[in-house]
Every structure is written in C-alpha cells, then in structure tokens.
Amino acid sequence: MTTRTPPPAAQGLLGPAPVRCLALCLAGTAATGAGLLLPAALGRTLDLLLAQAPATRWVLYCAALILLIALLDAAETVLGGTVDARTTAWLRRRLTGHLLAVGPRATARFGPGDLVARLVGSAAQAGTAPTARAALLAALAAPVGAVVALGLISPWLAAVFLAGAPVLALLLRAFARDTRQCVTRYQEVQGRIAQALSEAVGGHRTIRAAGTEDRETAR
C-alpha cells in the first residue's frame with residue numbers, strides 16, 4: 001500500500017506554523033511584561049489615593065494594563081490551541097504515512113495497540129512541543145523580571161534569593177529527571193494496555209465463546 005505526498009497547500013495546513021509560534025511568543029512575552037508592570041502601577045495609584053492626590057491617569061493606566069493582559073491571555077489561548085492542533089495533525093499524518101510505507105514490520109516490532117497509542121496519545125503530547133518552545137521566552141522573562149523588581153525594592157532580599165537559586169535549580173533538575181522517567185513508564189504501560197485492548201476487541205467472538213470476559217477485563 002502506498003501513500004501520496006500531500007500538496008504544498010495541505011502540508012502548510014497540517015505542518016507546524018512558525019508564524020503562529022512567533023506570534024504566540026510575542027503575545028506571551030508582552031503579557032508577562034504587562035503583568036510585571038501592573039503591581040508598580042497599582043502601587044503608584046494607591047499611593048496617590050492615600051495622599052488624596054489626583055490619580056485618574058494612573059487608574060486609567062491600571063485599567064489599560066488589565067485589559068491588555070486579558071486580551072493577550074485570550075490571544076495566547078487561541079494561538080496555543082491552534083498550534084497544538086496543527087502540529088498534532090502534522091505529526092499524525094507523517095506517522096501514518098511512515099507506518100504505511102514500512103508495512104508489517106512496524107506492527108511486528110511494536111504491535112497494533114502500541115502503534116495506535118503512539119498515534120493517538122503520544123502524538124498529541126508531542127504536538128505541544130512548539131507551544132512550549134514559543135512560551136519559553138515569556139517563561140524566562142517572568143522570573144528574571146521578578147528578580148529585577150525585587151532588587152529595586154530590596155537589594156538584600158534579591159541577594160538572598162540569588163544565593164539560594166543554585167539549590168532550587170538542583171531540586172528542579174531532580175524533579176524533572178524523575179518526571180521524565182515517570183512519563184516514559186506511563187507511555188510504556190499505555191502501549192501495553194492499548195495492545196491488550198486491541199487484541200480483546202479483535203478477538204471478542206472468541207472471548208465470548210470461551211466465557212473469559214472477566215479475565216480479559218481484568219487483564
């Protein structure tokens with residue numbers, strides 16, 4: 001069985017979208033910057049209100065920042081969902097084409113259930129990689145900006161925090177390593193479950209005739 005190569009238009013629809021990834025990165029970074037500015041604007045507004053000084057302009061600044069953050073968050077949600085869906089569809093199409101090109105050798109090595117689990121579940125998880133990569137700049141901007149703001153407020157507190165940062169980095173590294181192992185084991189077990197389910201569905205007549213429904217369900 002052979003597969004046809006999709007035309008460039010279809011590939012563009014199903015493949016990763018670098019323009020959307022860039023827009024997602026810019027929206028996330030802008031939202032992070034607005035979120036870092038909002039506490040300073042609120043603090044300035046509160047100071048003026050407590051001093052009974054005119055604060056209309058700063059109130060408008062705060063409202064504008066809140067509105068901007070809401071709009072950027074909405075844009076991130078839409079762009080993130082679109083990028084995830086397009087990347088997942090692109091991965092599934094490529095994986096399906098590869099499986100059909102390889103033929104029976106793929107099912108002999110992995111099993112139909114494991115392949116279906118990879119195509120349905122694992123592809124969707126891998127499809128979030130471009131979104132995570134696009135959000136990396138915003139994820140770095142938030143803690144860096146927070147440390148800079150802490151340094152402006154209290155240099156001593158910033159120094160204490162930075163002194164404990166290596167310990168925090170080691171803890172996060174250990175956690176990430178344990179998480180990676182857990183995810184790997186989860187995917188392996190998911191593949192075995194899918195394989196058993198595929199076998200049970202394919203042989204349901206035999207299972208019913210033998211009266212082994214309970215044993216197959218437990219398995």
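Reply: Helices (H or I, at least four residues) and strands (E, at least two) are DSSP runs, numbered from the N terminus. Keep in mind that this is a predicted model, where local features need pLDDT of at least 70, side-chain atom pairs count only at pLDDT 80 or more, and totals for chains, interfaces and linings use all residues. Residues are numbered from 1 along each chain as its sequence is written, and side-chain values use heavy atoms, with hydrogens and water left out.

Me: How many helices and strands does the secondary structure of the protein chain come to?
Reply: Counted up, the secondary structure comes to ten helices and zero strands.

Me: What share of the residues of the protein chain counts as buried?
Reply: Buried means under 20% relative accessible area, exposed over 50%, and partly exposed in between (1.4 Å probe, protein chains only). The chain has 219 residues, and the part of them that counts as buried is 23%.

Me: How do H2 and H3 lie relative to each other, and in which crossing does H2 pass H3?
Reply: Helix H2 (residues 18–50) and helix H3 (residues 56–102) pack at about 160°, with axes 8 Å apart. That angle makes H2 roughly antiparallel to H3. Axes here are lines fitted to C-alpha atoms, for helices over the stretch in contact, with angles from 0 to 180 degrees between N-to-C directions; under 35 degrees counts as roughly parallel, over 145 as roughly antiparallel, 65 to 115 as roughly perpendicular and the rest as oblique. A crossing is left-handed if the near helix is turned anticlockwise from the far one by less than a right angle, and right-handed if clockwise, and H2 passes H3 in one that is left-handed.

Me: Is Gly80 buried or exposed?
Reply: Gly80 is found in helix H3. Its C-alpha is separated by 8.2 Å from that of Cys21, 59 residues apart along the chain. With a relative accessible area of 7%, Gly80 is buried.

Me: What about H5 and H8: which word describes how they lie to each other?
Reply: Helix H5 (residues 112–126) packs against H8 with the axes 7 Å apart, at an angle of about 135°. H5 passes H8 in a right-handed crossing. Given their angle, H5 and H8 are therefore oblique.

Me: How far apart in space are Val120 and Arg92, C-alpha to C-alpha?
Reply: Val120 lies in helix H5 and is partly exposed at 48% relative accessible area. In sequence, Val120 and Arg92 are 28 residues apart, while in space their C-alpha atoms are apart by 7.7 Å.

Me: And what is the C-alpha to C-alpha value for Leu119 and Arg93?
Reply: Leu119 also has its place in helix H5, and at 22% relative accessibility Leu119 counts as partly exposed. Leu119 and Arg93 are 26 residues apart in sequence, and in space the value is 9.1 Å.

Me: Which residue has its C-alpha atom separated by 7.7 Å from that of Gln190?
Reply: Gln190 is found in helix H8 (residues 155–202). At 23% relative accessibility, Gln190 counts as partly exposed. The residue in question, 76 residues apart along the chain, is Asp114.
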